[in-house]
Amino acid sequence: MSLILVQLNFRQGRRLEQARRDEKVRDFQIAIRAEIRSELRNLVQYDVGRQLEQVKARYESDPAYAISVPRPVRQSVFEALVGEIHVLPEAVIDPIVLYARQRNAIDSIVEDMRAPGFRALSRDQQLAMYEDYLNMWDAWRAFALAAEAALNGSASVAGPRAGLAADGRNGR
């Protein structure tokens, strides 16, 4: 009888431990998805082709003009959770890492474009660099959509999405 109770307690303990791990994974996925979705809301609202045309027109009409790009907002949720990314399902990690690497590449080119040396480049070089930046935005958007899809497709966070009903993607 005592051996049966020990085995029963062991199984219950394992089930509770697994439930806690599952909850942690789900919480991480929800938090990362929320951060990606908040950036995605920003990424989808810009027509980068139109943006490039406007900047090129401004360069042609104003010889003193040089583009200025804002720094991307800090990814506080991702930064807090990146050390625990290994707990996520394998199918989710790859798209999130690709998204994060593209985000880091964007951060790097923004810093280059904000550096004093950028203004010393020829106007053609500035425009070429800005065009590269906008092309990187297209890739960033694609990686964000892929990461969001992977997170939405994960069994840990499947189900109705909460919030941001106006984003037109609710209940996808």
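Leaving aside its neighbours within four places in sequence, which residues is Met 113 in contact with? I started my notebook here, keeping in mind that this is a predicted model.

**Entry: Met 113 and the core**

I listed the contacts of Met 113 beyond four places in sequence and found Ile 67, Val 69, Phe 118, Met 129, Tyr 130 and Tyr 133. I then looked up the largest nonpolar core, which has 38 residues. Met 113 is among the members that touch the most others, along with Ile 67, Leu 88, Ile 96, Tyr 130 and Tyr 133. Next I asked which elements give two or more residues to this core, and noted α1, α2, α3 (76-81), α4 (90-114) and α6. The most comes from α6, with 11 residues. A reminder to myself: in soluble globular proteins, nonpolar side chains tend to be buried together.

**Entry: aromatic rings**

I went through the rings and counted five aromatic pairs. One of them joins Tyr 46 and Trp 137 edge-to-face, with 5.8 Å centre to centre and 85 degrees between the planes. Tyr 46 sits in the loop between α1 (2-43) and α2 (48-61), while Trp 137 belongs to helix α6 (residues 123-153), so this pair ties together parts 91 residues apart in sequence. I checked accessibility for both partners. Tyr 46 is partly exposed, at 40% relative accessibility, and Trp 137 is buried, at 10%.

I also noted the pair of Tyr 59 and Tyr 65, which is edge-to-face at 5.4 Å centre to centre, again with 85 degrees between the planes. Both Tyr 59 and Tyr 65 are buried.

Then I looked for a cluster and found Tyr 46, Tyr 130, Tyr 133, Trp 137 and Trp 140 together in one.

**Entry: α1 against α6**

Two packed helices are described by the angle between their axes and the distance between the axes. I looked up both for α1 and α6: their axes come within 9 Å and cross at roughly 145 degrees. Their crossing is left-handed.

For the residues that meet, I wrote down the α1 side as Gln 29, Ile 32, Arg 33, Ile 36, Arg 37, Glu 39, Leu 40, Asn 42 and Leu 43. On the α6 side are Trp 137, Trp 140, Arg 141, Ala 144, Leu 145, Ala 147, Glu 148, Leu 151 and Asn 152. By class, this contact has 10 nonpolar, three polar and five charged residues.

Terms used: Residues are numbered from 1 along each chain as its sequence is written. This is a predicted model: local features need pLDDT of at least 70, side-chain atom pairs count only at pLDDT 80 or more; totals for chains, interfaces and linings use all residues. Side-chain values use heavy atoms; hydrogens and water are left out. Rings of Phe, Tyr and Trp (its six-membered ring) pair if their centres lie within 6.5 Å; planes under 30 degrees apart count as stacked, over 60 as edge-to-face and the rest as tilted. Helices (H or I, at least four residues) and strands (E, at least two) are DSSP runs, numbered from the N terminus. Buried means under 20% relative accessible area, exposed over 50%, partly exposed in between (1.4 Å probe, protein chains only). Axes are lines fitted to C-alpha atoms, for helices over the stretch in contact, and angles run from 0 to 180 degrees between N-to-C directions. A crossing is left-handed if the near helix is turned anticlockwise from the far one by less than a right angle, and right-handed if clockwise. Contact means heavy atoms within 4.5 Å. Ala, Val, Leu, Ile, Met, Phe, Trp, Tyr, Cys and Pro count as nonpolar, Asp, Glu, Lys and Arg as charged, and the others, Gly among them, as polar. A nonpolar core is a set of buried Ala, Val, Leu, Ile, Met, Phe, Trp, Tyr and Cys residues joined through side-chain atoms within 4.5 Å.
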